Amino acid sequence: MKLQEMIGLAVYEVEEGNEIGKIVDILLDSNWNITGIELEGKTFFSSHVKVVAWEDIVAYGEDAVMIRSKESIVKADTDHIPYTFLLGKNKLKDLQVLTASGTILGRVSDVYFDQKLGNTIVALEISDGLVTDLIEGRKWLPCSEGMSIGENSVLVPAMSEERLQKAINIVNG
């Protein structure tokens with residue numbers, strides 16, 4: 001599943017079955033794990049957002065995310081959220097992907113995680129720009145030891161370009 005596919009999903013609490021909002025972003029840590037979801041409802045002048053910890057997510061699928069209860073929703077200070085996928089100052093989307101040997105592989109366009117493996121990020125989808133994406137397709141880079149998220153780029157081990165694969169082949173099989 002891609003993180004981009006989770007953005008906009010309805011979130012329901014299982015105690016009473018009520019819809020409590022929609023996902024606007026995904027929270028991540030520096031170890032390539034999903035730590036939670038951010039729900040709509042941030043105010044312009046507040047540094048707090050409504051989040052649900054990954055441990056409080058009971059199930060998730062193509063159409064909705066189920067959480068334990070309304071009590072699972074907490075306010076978090078944006079300064080204490082290490083990384084996000086889509087929004088904020090430490091967002092992963094559109095970060096440049098750079099090898100330790102100085103080769104630019106493209107920019108992060110999406111992030112894959114395997115539902116069977118829980119909240120672990122398994123790969124990055126990398127874009128080389130619209131024209132290249134249309135002609136060649138996007139690329140898929142499996143996460144590996146030594147990958148790190150920096151302020152301006154995702155740093156990957158040297159020789160990572162040899163591990164790039166076409167995203168379409170992986171997704172469609």
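Start by selecting Y60 and F113: both residues are buried. Keep in mind that you're looking at a predicted model. The two rings make a tilted aromatic pair, with 5.7 Å centre to centre and 45° between the planes. Color by strand and you'll see that the pair links distant parts of the chain, since Y60 sits in strand β5 (residues 57–60) and F113 in strand β10, 53 residues apart.

Next, pick Y112 and W140. Why does this pair count as edge-to-face? The ring centres of Y112 and W140 are 6.0 Å apart and the planes are at 70°, over the 60 degrees that edge-to-face requires. Y112 belongs to strand β10 and W140 to strand β12, so this contact ties together parts that are 28 residues apart in sequence. Y112 is buried at 8% relative accessible area, and W140 is buried as well, at 13%. In total, the structure holds four aromatic pairs.

Now show strand β11 (residues 121–127), where six of the seven residues are buried. On one side, β10 (residues 104–113) pairs with β11 in the antiparallel sense over six bridges, and F113 from your opening selection stands opposite I121. Strand β12 (residues 139–142) also runs antiparallel to β11, joined by four bridges; look for L124 opposite L141 there.

Last stop: the largest pocket, with about 210 Å³ of space. Of its 14 lining residues, select T78, T84, L87, G88 and K89, the closest to the centre. The lining as a whole has five nonpolar, four polar and five charged residues.

Definitions and conventions. Residues numbered from 1 in each chain as written. Predicted model: local features only at pLDDT ≥ 70, side-chain atom pairs only at ≥ 80, totals over all residues. Heavy atoms only, no water. Buried < 20%, exposed > 50% of the residue type's maximum accessible area, 1.4 Å probe, protein only. Helix = DSSP H or I, 4+ residues; strand = E, 2+ residues; numbered from the N terminus. Pairing = 2+ DSSP bridges. 1 Å grid on protein atoms, 1.4 Å probe; cavity = no way out; pocket = protein on both sides within 12 Å on 5 of 7 lines; lining within 4 Å. Points joined across faces, edges and corners; volume = space filled by probe spheres on them. Nonpolar A, V, L, I, M, F, W, Y, C, P; charged D, E, K, R; others polar. Phe/Tyr/Trp six-rings, centres within 6.5 Å; stacked < 30°, edge-to-face > 60°.
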